[in-house]
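Here is a friendly walk through one model, from its strands to its rings and its backbone. Please keep the sequence and the 3D view open as you read.

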Amino acid sequence: MSKPLKQIHLAAHFPGVNNTTVWSDPAAGSHIEFSSFAHFARTAERARFDFLFLAEGLRLREQGGKIYDLDVVGRPDTFTVLAALAAVTDHLGLTGTINSTFNEPYEVARQFASLDHLSGGRAAWNVVTSWDAFTGENFRRGGFLPQDERYSRAKEFLATANELFDSWHGDEILADQATGTFLSDARAGSFVHKGAQFDIHGQFNVPRSPQGRPVIFQAGESDEGREFAAFGADAIFSRYATLDAGQAFYTDVKSRLAKYGRRPDELLILPAASFVLGDTDEEAEEIAHQVRRQQVSGATALKHLEFVWNRDLSSYDPEGPLPDVDPLVSEDHISRGRAQVRMYRDPVAIAREWRELAEANKWSIRDLVINTGNRQTFVGSPATVARTINDFVQADVSDGFILVPHITPGGLDAFADTVVPLLQEQGVFRTEYEGTTLRDHLGLAHPDEKRSERVAS
């Protein structure tokens, strides 16, 4: 007996802070004007997507001590953008990345509870940690925490925020005009938390919000990150969008849930995915090739090579061969604030491997960066892309995808108009929203329902 078809979850990531966004394309718009965010969100809602996602960068990244202006840099404050989008959308979930290393639980809990009220129950929090001292220089705490400590802080941060969300039960506000009684309990919102990371007590001043708590997302790929997601997240972002790697990640993370008393369907796996559409598969492949060359100009290729070489390579020809000189191995890196630097643990070995690749394929520096960088996840006609997405979800590569277009704000339009209808025809994606909150869209229980289940058992 075949298992029932899984329903696909789709979300939209408004891209920024990375060179995959082709901001130099004539079709590209602003990354700071509200009209861009509004267009993008309305397209996602028109397509009946689950949510819109905003990443966060807490410091402008540098190359050789200067802002890397070939990248997209800067972003308005996450909460400000999401609150504004709540006013121009009715159903779309609103997910923001907020750091647990440099913020405080009371402050963040108050902001998310407020957003959940303003949006009618559509708020979600992507809980992240900060890994580098460079970013920490912007904050009073300064420095950064080792990986084990930052996840310990994040775990207690989330637990403390949940205590604040739960300090209101939802039935305290009477607002009885006849008697003049507003609250049934004058101690509503009271909390006391004493732990290794936080020692706070008082009264939380935002009443219980429609979702009880925001939906919790997590984006860590490390073992600590996966364990953190299994402990307390509702969804985990993944970079594993290929068949074999995706299935392995899916199985690993889902298998960790039982130790925390959770079922596999209580944590969604949602990889980021880029796409290129064409009238035919062949046309889409041609467009994809052009897009990759737009994403990696000659100047950008040199900057990316510097991630490994840790040297100023501006004198090299990007259409010429790779440098003969070996990378400079040093704790003091030319690229600051870029996560990619952590990927190259042995830069000398990487350089040797890349030289061999370039020689074998007759690649220039630019060719190498284009061909070793991230390629589009889904390329083809709308029918091909729709079929591939559905095949991957049914094969437990993921529970859906967070789509990252290379053009904003209009890069999602074609997907909404051509791919989504095909998924709807296959019966694997909604034609209308069936609930009002983001938890409804994602098929997640309200925290109060989970609490009742635990009490009953």
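The report below covers the barrel, the aromatic rings, the charges over rings and the backbone.

## About the model

This is a predicted model, in which local features need pLDDT of at least 70 and side-chain atom pairs count only at pLDDT 80 or more, while totals for chains, interfaces and linings use all residues. Residues are numbered from 1 along each chain as its sequence is written, and side-chain values use heavy atoms, with hydrogens and water left out.

## The barrel

With parallel pairing, 8 strands close into a barrel in the order β1-β2-β5-β6-β11-β12-β13-β17. From one strand to the next, the twist averages 30°. Helices (H or I, at least four residues) and strands (E, at least two) are DSSP runs, numbered from the N terminus, and two strands pair if DSSP finds at least two bridges between them.

Take β2 (residues 51-54) and β5 (residues 93-99), which pair in the parallel sense over 4 bridges. Here F53 stands opposite T95 in β5. Helix α6 (residues 223-232) packs on the sheet, touching β6 (123-128), β11 (215-218) and β12 (235-238), and its direction makes about 170° with that of β11. Contact means heavy atoms within 4.5 Å; axes are lines fitted to C-alpha atoms, for helices over the stretch in contact, with angles from 0 to 180 degrees between N-to-C directions.

## Aromatic rings

The whole structure holds 21 aromatic pairs. Rings of Phe, Tyr and Trp (its six-membered ring) pair if their centres lie within 6.5 Å; planes under 30 degrees apart count as stacked, over 60 as edge-to-face and the rest as tilted. F157 and F198 form an edge-to-face pair, because their ring centres are 5.7 Å apart and their planes stand at 80°. F157 lies in helix α5 (residues 147-165) and F198 in the loop between β9 (190-194) and β10 (199-203), so the pair ties together parts that are 41 residues apart in sequence.

Both F157 and F198 are buried (under 20% relative accessible area; exposed is over 50%, partly exposed in between, with a 1.4 Å probe and protein chains only).

## Charges over rings

R59 lies over the face of F134, at 3.7 Å from the ring centre. The charged end of K155 sits over the ring of F231, 4.4 Å from its centre. The criterion is NZ of Lys or CZ of Arg within 6 Å of the ring centre and within 35 degrees of the ring normal.

## Backbone

The peptide bond from T408 to P409 is cis, with omega near 5°.
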